[in-house]
Amino acid sequence: MKIVFFGTPQFAVPTLEKLLNHSEFEVLAVVTQPDKRRERGNKLTPTPVKAIATAHNLPVWQPERVKKDTETLSKLKELDADVFVVVAYGQILSAKILKIPKLACINVHGSILPKYRGAAPIQWCLYNGESETGITTMLMDVGMDTGAMLQIATTPIGLLDNAQDLAERLAAIGGDLLVETLLKLERQEIQPIPQDNLAATYAPLIQKPDYALDWSKSAMQLHNQIRGFYPNCTATFRNNLLKITASAPLSSVGDGDLPPELQELLHRLPDLSNTLDKPGVVVSIIKGIGAIVQTGEGFLLLREVQLAGKRPQSGWDFVNGSRLTVGEVFGTGS
């Protein structure tokens with residue numbers, strides 16, 4: 001099966017590698033986003049997908065706008081591919097491009113469709129506190145993730161999973177599911193299933209205001225925001241911005257949801273239940289672990305934070321380094 005691969009970030013790499021290492025598939029070329037300049041040194045950095053494609057001596061095309069690039073369109077037609085595979089490419093394909101391959105254009109999407117169509121399904125699924133997510137392979141049409149579904153693979157979400165953890169797991173699942181999907185499609189063993197548009201939800205691009213932590217929210221809401229939009233959620237501390245990169249809600253969860261080293265904290269909550277401070281106030285400091293903060297409902301343990309210009313540090317190192325005391329207040333981020 002002759003394939004053209006469209007993809008850009010690390011999430012797409014495991015799928016490309018699966019195709020490259022499978023005897024039934026031949027990757028003819030790769031289409032990815034243009035290289036970007038990074039802050040340090042301002043050097044152009046290739047996309048993760050380009051790096052893999054270059055290592056395998058594949059043709060790589062990087063149009064600014066693929067659906068308006070006539071040269072890329074001509075090249076795609078000349079390849080006479082059976083399938084276009086699209087994984088987190090970052091641009092919408094035109095109807096003309098979708099009609100080029102002999103069999104289909106297939107997308108590997110990071111959610112259980114029709115939930116979380118759009119650009120950031122992993123992040124919003126965590127933000128909304130889902131207990132399960134997965135990968136859907138689907139036939140592409142001109143809509144935003146609206147095509148008929150081919151196969152679905154699911155995975156549970158742990159309480160402390162963040163967007164990076166989940167993306168790595170889903171990326172591996174996606175590679176395996178795509179291989180299975182392509183083989184079954186070639187043997188005509190798959191019946192596409194139309195999506196229920198009435199059940200659809202959307203996962204839009206994340207905006208800067210989404211990162212701001214508001215301590216009047218519940219501990220669980222804040223925790224889901226921190227892990228969903230990892231590692232960018234911000235609060236203020238002593239009039240400076242502070243990223244909170246890992247947390248744990250210490251209420252409304254069962255002992256089994258927390259790792260062993262944190263389960264003991266739940267047994268200390270009765271002592272804190274008589275403490276009712278304003279949201280954002282440090283109500284306790286647990287030696288060797290970190291600070292516990294009052295929220296609008298329940299308590300939030302700060303497991304990892306990052307000061308501006310510094311590397312991430314454990315909650316306990318932050319307590320020691322800043323000489324944090326009970327009664328200090330964290331403010332809303334920006």
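Leaving aside its neighbours within four places in sequence, Leu-182 is in contact with Met-1, Ile-3, Leu-19, Phe-25, Val-83, Val-85 and Ile-106, where contact means heavy atoms within 4.5 Å. The model is predicted, so local features need pLDDT of at least 70 and side-chain atom pairs count only at pLDDT 80 or more, while totals for chains, interfaces and linings use all residues. Residues are numbered from 1 along each chain as its sequence is written, and side-chain values use heavy atoms, with hydrogens and water left out.

Leu-182 belongs to the largest nonpolar core, a set of 66 residues. A nonpolar core is a set of buried Ala, Val, Leu, Ile, Met, Phe, Trp, Tyr and Cys residues joined through side-chain atoms within 4.5 Å. Buried means under 20% relative accessible area, exposed over 50%, and partly exposed in between, with a 1.4 Å probe and protein chains only. The members that touch the most other members are Phe-5, Leu-19, Val-85, Leu-182, Trp-215, Ile-244 and Phe-330. Helix α6 (residues 163-186) gives the largest share of this core, 12 residues. Apart from this core lies another, of 18 residues, including Leu-28, Ala-29, Val-66 and Ala-81. In soluble globular proteins, nonpolar side chains tend to be buried together.

Ala-104 lies in strand β7 (residues 104-109). Because its relative accessible area is 11%, Ala-104 is buried. Its contacts, leaving aside neighbours within four places in sequence, are Asp-82, Val-83, Phe-84, Leu-139 and Leu-185.

Asn-162 is found in the loop between β9 (149-156) and α6. Asn-162 counts as buried because its relative accessibility is 12%. Beyond neighbours within four places in sequence, Asn-162 is in contact with Leu-126, Arg-227 and Tyr-230.

The remaining values describe the whole protein. There are 10 helices and 16 strands; helices (H or I, at least four residues) and strands (E, at least two) are DSSP runs, numbered from the N terminus. The C-alpha trace spans about 70 × 45 × 35 Å along its principal axes. Of the 334 residues, 50% count as buried. Among contacts between residues at least 6 apart in sequence, 65% join residues at least 24 apart. The protein exposes about 16400 Å², of which carbon and sulfur atoms supply 49%, with areas from the Shrake-Rupley method and a 1.4 Å probe.
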